[in-house]
Amino acid sequence: MAPQEQTKLTTYSDRIMSTLYSTKVTATGGRHGQIRSEDGLLDMKLALPRQLGGKGDATNPETLFAGGYAACFENALLHVSRDAGLRFADEDVEVVAEVGLSRNDSGGFVLSVALAITVAGVDQKRAEELVESADKICPYSNAIRGNVDVRITVSAR
């Protein structure tokens, strides 16, 4: 990237928002390689899943995305719940994220996501309202909205 392009990008980013947190992860070797975060807390081997012809003996980008999205969405749900005066124990809220990898009509790859959310201690209508609010503030939801097919199911118990 030319220095001038980098300056334009940095200037644009600075105008949009002030970053609250930033992290850096380096990938080498693609889907058969490794990822390592700059702080060393994430350091793992990657492998192509068996379903795609690989050994499946290590994690893959879709699994990592599913874990990140589930954790982030659950935290957003807890945040909006606290703002609404509700306090949930850890076991009262569960978010399961299923990430699919498919081909689109032009032969490229696309992701899909199914979030299955269970909330205890509230009725179905209230659980749905909380999930809708969480979806509006979750950074993962905001990042992929309009670009990734996301299906959300909510269950109150």
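Modeller: Gladly! Read along the sequence, the protein chain follows α-β-β-β-α-β-β-α-α-β, where helices (H or I, at least four residues) and strands (E, at least two) are DSSP runs, numbered from the N terminus. The model is predicted: local features need pLDDT of at least 70, side-chain atom pairs count only at pLDDT 80 or more, and totals for chains, interfaces and linings use all residues. Residues are numbered from 1 along each chain as its sequence is written, and side-chain values use heavy atoms, leaving out hydrogens and water.

Biologist: How many helices and strands does that pattern come to?

Modeller: The protein chain has 4 helices and 6 strands.

Biologist: How do you know what span helix H3 should have?

Modeller: The expected span is 1.5 Å times one less than the number of residues. Helix H3 (residues 124-137) has 14 residues and should therefore span 20 Å; its end C-alpha atoms are 20 Å apart, which agrees.

Biologist: Which residues of H3 are buried?

Modeller: They are Ala127, Leu130, Val131, Ala134 and Asp135. Buried means under 20% relative accessible area, exposed over 50%, and partly exposed in between (1.4 Å probe, protein chains only).

Biologist: And what makes you say that they line one face of the helix?

Modeller: Seen down the axis of H3, the buried residues fall within an arc of 140°, so they line one face. That arc is taken from the directions from the helix axis to the C-beta atoms. The face turned away from the buried side carries the exposed residues Lys125 and Lys136.

Biologist: Why is the pair of Phe65 and Tyr140 called tilted?

Modeller: Rings of Phe, Tyr and Trp (its six-membered ring) pair if their centres lie within 6.5 Å; planes under 30 degrees apart count as stacked, over 60 as edge-to-face and the rest as tilted. Phe65 and Tyr140 are 5.6 Å centre to centre with 50° between the planes, and that is a tilted pair. Phe65 lies in helix H2 and Tyr140 in helix H4, so the pair ties together parts 75 residues apart in sequence.

Biologist: Then why is the pair of Tyr69 and Tyr140 stacked?

Modeller: Their ring centres are 5.5 Å apart and their planes are at 15°, so this pair is stacked.

Biologist: Is Tyr69 buried or exposed?

Modeller: Tyr69 has 1% relative accessibility, so Tyr69 counts as buried. Tyr140, with a relative accessible area of 28%, is partly exposed.

Biologist: Which residues do the ring pairs link into a cluster?

Modeller: Phe65, Tyr69, Phe73 and Tyr140.
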